[in-house]
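Please view the sequence and the model first, and then read the points below.

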Amino acid sequence: MKNRKRLLLLLGTVLLAVVLVGCGTSPITAESTGFWDRYIVLNFSRVIIWLSDLFGGSYGLGIIVFTLIIRIVLLPLMHGQTKSTRKMSELQPRIKALQAQYSSKDAETQSKLKEETSKLYSEAGVNPVAGCLPLLIQMPVLMGLYQAISRTEALSTGNFLWMNLGKPDPMFILPVLAAILTYATTKLSSMSQAESNPTTTSMMYMMPALILFMGITLPSALSLYWVVGNAFSVGQTLLLNNPFKIRKEREEKLQAERERERALEKALNPKKKKKKK
């Protein structure tokens with residue numbers, strides 16, 4: 001399952017790079033044809049421009065509000081992903097026990113391991129693939145946003161603060177902020193897990209590096225999207241899945257279990273002494 005997630009992430013990254021580089025470059029207008037151009041890119045462009053006009057004609061503010069709307073729409077899915085990740089982390093000791101029990105590499109044993117693992121997921125109400133869904137859903141949004149900006153003249157030449165939205169941030173401030181917030185999002189998510197996950201650890205460093213590289217080379221509007229989106233994710237995590245609270249609850253639960261074990265052992269000790277006499 002970990003290898004499958006890595007593969008999905010790799011394929012998603014490659015797909016993003018291919019689409020961003022190779023997709024159409026003709027200007028987007030009301031006469032644009034094709035499902036992607038006419039219904040996705042054109043409408044993204046129209047919504048951003050409409051939001052910009054609503055907030056004083058600032059295309060940067062339009063992108064910020066657009067990003068917040070997207071994040072609010074995806075909030076239930078992102079929250080579900082976080083809960084699923086927590087459950088997956090809590091199941092890891094039982095999954096490792098199953099892997100030790102069915103350690104033989106023959107087809108029959110591996111089939112039994114797969115069956116028991118699926119049964120465990122089903123009983124816990126966990127979908128292992130759910131963690132990849134937000135990433136896969138955000139990919140078209142990111143690609144649509146990129147093309148809406150690069151293929152709409154008003155957006156590609158618009159300015160916000162010190163930046164031209166259609167060009168990379170000349171001061172690298174937004175790419176660095178985007179990378180830092182990406183790291184913070186992954187770090188906070190990993191803190192709520194019952195035990196460390198090598199995949200999550202590698203993602204904690206790989207994703208910020210990828211975001212930093214793309215932020216330096218792609219239009220600053222995308223970096224703005226990442227900064228706002230990841231800042232929203234950090235706030236969402238602290239409010240809905242606070243890792244510090246989760247850790248405290250987990251420690252209190254472990255402490256209560258230890259106290260119960262000590263109380264049980266203390267209760268059994270007099271009986272053992274009587275037997276010795």
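Leu 177 belongs to helix H7, which spans residues 173-191; helices here are DSSP runs of H or I with at least four residues, strands are runs of E with at least two, and both are numbered from the N terminus. The model is predicted, so local features need pLDDT of at least 70 and side-chain atom pairs count only at pLDDT 80 or more, while totals for chains, interfaces and linings use all residues. Residues are numbered from 1 along each chain as its sequence is written, and side-chain values use heavy atoms, with hydrogens and water left out.

**Overall architecture**
- The protein chain contains 10 helices and 2 strands, arranged along the sequence as α-α-α-α-α-α-β-β-α-α-α-α.
- Of its 277 residues, 39% count as buried; buried means under 20% relative accessible area, exposed means over 50%, and partly exposed lies in between (1.4 Å probe, protein chains only).
- Among contacts between residues at least 6 apart in sequence, 72% join residues at least 24 apart, where contact means heavy atoms within 4.5 Å.

**Annotated regions**
- An unreviewed UniProt entry carries the annotation "transmembrane region" for residues 54-78, 169-186 and 207-228; UniProt positions are given in the numbering used here, feature names are shortened, and annotations may be inferred rather than shown by experiment.
- Residues 54-78 are 84% helix and 0% strand, with end C-alpha atoms 28 Å apart.
- Residues 207-228 are 91% helix and 0% strand, and their end C-alpha atoms lie 16 Å apart.

- Helix H9 (residues 220-240) has 21 residues and reaches 30 Å from first to last C-alpha, close to the 30 Å expected at 1.5 Å a residue; the expected span is 1.5 Å times one less than the number of residues.
- Helix H9 is mostly covered, with 15 of its 21 residues buried.
- Ser 223, in helix H9, counts as buried because its relative accessibility is 0%. Beyond residues up to four places away in sequence, Ser 223 touches Leu 174, Pro 175, Ala 178 and Gly 215.
- Gln 236 also lies in helix H9 and counts as buried because its relative accessibility is 9%. Apart from neighbours within four places in sequence, Gln 236 is in contact with Leu 75, Met 78, His 79 and Asn 241.
- Ile 211 is found in helix H8 (residues 198-217) and is buried at 7% relative accessibility. Residues up to four places away in sequence aside, Ile 211 touches Ala 178, Ala 179, Thr 182 and Trp 226. Ile 211 and Thr 182 are 29 residues apart in sequence, and their C-alpha atoms are 7.8 Å apart.

**Surface and loops**
- Leu 161, Trp 162, Met 171, Ile 173 and Leu 177 make a nonpolar surface patch of about 480 Å². Leu 177 is partly exposed, with a relative accessible area of 37%.
- Leu 161 lies in the loop between strand S1 (159-160) and strand S2 (163-164), and is exposed at 65% relative accessible area. Its phi is near 55 degrees, a positive value in a residue other than glycine.
- Phe 172 lies in the loop between S2 and H7 and is partly exposed at 42% relative accessibility. The phi of Phe 172 is near 60 degrees, again a positive value in a residue other than glycine.

Conventions:
Patch = residues over 30% accessible without salt bridge, like charges linked within 9 Å, V, L, I, M, F, W, Y side chains within 5 Å. Areas by Shrake-Rupley, 256 points an atom, 1.4 Å probe, with all protein chains shown as cover. Salt bridge = Lys/Arg side-chain N within 4 Å of Asp/Glu carboxyl O.
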